Amino acid sequence: MTNPPNLDHLKKFCSQVRRDIVRMVHAVNSGHPGGSLGCTEYFAALYQHLMKYDSSFNMTGENEDVFFLSNGHISPVFYSTLARSGFFEVSELATFRKIGSRLQGHPATEEGLPGVRIASGSLGQGLSAAVGVALSKKLNGDNGKVFVLMGDGEQQEGQVWEAAMFAAHNKVDNLIATIDYNHQQIDGPIAEVNGLGDLRAKYESFGWLVLECDGNNLEVLINTLEEAKEKSGNEQPIMILMTTEMGKGVDFMEGTHKWHGVAPNDEQLADALSQLEETLGDF
Amino acid sequence: MKTKLTYTEKKDTRSGFGDGLLEAAKKNPNIVGLCADLTGSLKMNGFQKEFPERFFQVGIAEANMMGIAAGLATGGKIPFTGTFANFSTSRVYDQLRQSIAYSEKNVKVCASHAGLTLGEDGATHQVLEDIGMTKMLPNFTVINPCDYHQTKAATLAIAEHHGPVYLRFGRPGWPMFMENQPFEIGKAITLIEGTDVSIFATGHLVWKAIEAEAVLAEQGISAEVINIHTIKPLDEEAILKSISKTGCAVSAEEHQIAGGLGESIAQTIVRNNLVPQEFVAVNDQFGESGKPEELLDKYGLGVNDIVEKAKKAIKRKG
């Protein structure tokens with residue numbers, strides 16, 4: 001068991017990460033704030049409470065918990081969390097999406113950004129990679145867990161289901177996958193674009209243990225992640241269907257797909273920042 | 001016709017891969033194997049039997065196989081994936097690009113049944129674009145060995161090499177003539193020395209080039225035959241050294257004319273020393289069902305095609 005969560009710290013962390021997200025995308029007038037804001041609690045919970053890791057970073061992550069971001073477009077929340085968890089200097093967030101930066105539009109390993117283990121952006125590939133690392137941990141007798149986050153729209157990619165089938169068949173039970181279930185994709189509500197049906201039933205029928213939670217409620221989310229960790233190692237991969245609100249924390253961005261991949265203008269930035277307390281110092 | 005190199009036995013190049021993988025895996029416990037429901041066809045049974053805990057049967061799900069391989073490599077393993085060449089490349093190109101090449105994963109993509117010599121299965125399976133696709137990806141090494149021995153040697157060599165590799169081999173029994181030849185990635189092998197024309201061949205067509213040399217020799221033409229087993233990185237030094245002597249070139253490969261070995265050689269020639277070059281390759285067409293030898297002849301990849309292209313190249317020297 002991990003120590004009880006320091007909710008006060010986590011809330012402050014989330015507020016600062018959200019400030020980072022809107023400031024990063026505003027600075028380059030591009031990037032994906034909606035999904036980033038919606039998943040802020042998840043990243044804070046993983047990197048500030050749940051995962052066991054070494055921020056000096058080595059690629060193999062042996063004897064550590066490792067995380068893969070499959071929906072790479074929410075890189076702002078990933079980068080902010082990594083920087084504020086000690087993987088690299090917070091000041092480097094200012095280079096996001098600029099020429100020569102290690103903080104590419106979508107995560108990449110090429111320039112050796114600590115914390116990133118695989119490139120993602122073209123959707124549907126992260127679950128397979130997470131399965132691969134989980135297998136390597138089993139071969140090595142390493143007890144670390146493998147976490148992976150996917151988008152809900154990403155469930156439309158066929159490779160996800162190839163990996164889901166394999167993970168259950170091969171009892172990859174050191175794997176804790178999560179779907180950011182915000183019901184939105186670029187072209188609109190998922191139910192209108194290409195509905196996912198009953199995701200819980202789908203994963204259960206594939207042989208996964210499925211948990212559900214509110215991904216914007218820190219206490220509930222942490223309890224669910226802890227439960228997932230406790231239930232791992234029982235011959236089943238685990239899926240958390242994490243309901244979130246796209247754009248969470250900035251009122252005019254909440255609950256719509258319109259801020260999936262659009263940056264705020266100067267006025268909107270000021271409005272957003274007025275809603276988010278600066279707790280750990282802006283970059 | 002008396003060829004300068006000879007063989008007593010034919011064997012499939014894929015068996016060279018299977019035997020090489022088993023040998024490499026005995027030496028290095030980090031080697032793991034993945035297969036997409038073609039274990040027998042890829043000759044991976046020996047590895048599977050000897051190291052069941054290091055073998056992953058992925059089923060008919062090649063995209064997932066490439067992703068899992070990338071993950072295993074992230075965890076410090078050396079994954080060898082095995083499936084047909086078309087399922088190793090065109091089917092999974094985005095996975096090769098993002099999860100393996102761009103992410104710099106130490107994955108060995110091992111591909112059998114490449115080219116027309118797959119034979120009767122026809123064009124759906126006869127991938128003729130795979131060298132082009134893989135050589136275009138930054139970080140990838142691309143190797144197309146010519147016989148059983150060289151495929152085995154190449155398999156052992158890529159196990160020692162760090163970085164993504166595409167290893168291409170095939171299905172039919174083929175002359176074995178490279179026993180005890182040293183293999184170094186990126187180092188071309190001059191098989192026959194000559195002075196009138198340089199024939200640069202890869203894969204199964206290396207043997208055809210050896211036969212073509214014998215035909216040319218009977219006609220008083222001295223051809224140099226060079227085995228380019230590694231298309232990327234290309235041994236430019238060996239190519240330039242040979243053409244500076246012969247003054248013209250022929251490339252020979254079981255691949256589309258676009259994107260293949262010939263195109264890489266042409267780039268080298270254009271940038272360094274402009275000499276005539278002729279191409280023995282498939283001319284922007286799909287293949288069809290048939291016997292390997294029939295197909296090679298029909299699509300312009302036979303011994304006679306190499307002979308004629310060599311004469312044409314020599315003539316163009318003026």
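My entries on the salt bridges follow.

**Entry 1, the overall count.** I kept in mind that this is a predicted model. My search over all chains returned 28 salt bridges.

I picked A:Glu204 and A:Arg200, whose side chains form a salt bridge with an N to O distance of 3.0 Å. I found both in helix 8 (residues 199-206) of chain A, 4 residues apart, or about one turn of the helix. I then checked accessibility: A:Glu204 is partly exposed at 39%, and A:Arg200 is partly exposed at 29%.

Next I looked at B:Asp130 and B:Arg168, a salt bridge whose closest N and O atoms are 2.8 Å apart. This pair links distant parts of the chain, 38 residues apart: B:Asp130 sits in helix 6 (residues 130-135) of chain B, and B:Arg168 in strand 7 (residues 165-168) of chain B. Are these side chains buried or exposed? B:Asp130 is buried, with 0% relative accessibility, and B:Arg168 is buried too, at 2%.

I noted a salt bridge between B:Lys298 and B:Glu288, with 2.9 Å between the closest N and O atoms. B:Lys298 belongs to helix 11 (residues 292-298) of chain B, while B:Glu288 is in the loop between strand 14 (277-282) and that helix, so the pair ties together parts 10 residues apart in sequence. I have B:Lys298 down as exposed, at 57% relative accessibility, and B:Glu288 as partly exposed, at 28%.

Last, I found A:Arg19, A:Glu278 and A:Asp282 joined into one network by salt bridges that share partners.

Key:
Residues are numbered from 1 along each chain as its sequence is written. Chains are lettered from A and ligands numbered from 1 in the order in which they are written. This is a predicted model: local features need pLDDT of at least 70, side-chain atom pairs count only at pLDDT 80 or more; totals for chains, interfaces and linings use all residues. Side-chain values use heavy atoms; hydrogens and water are left out. A salt bridge is a side-chain nitrogen of Lys or Arg within 4 Å of a carboxyl oxygen of Asp or Glu. Helices (H or I, at least four residues) and strands (E, at least two) are DSSP runs, numbered from the N terminus. Buried means under 20% relative accessible area, exposed over 50%, partly exposed in between (1.4 Å probe, protein chains only).
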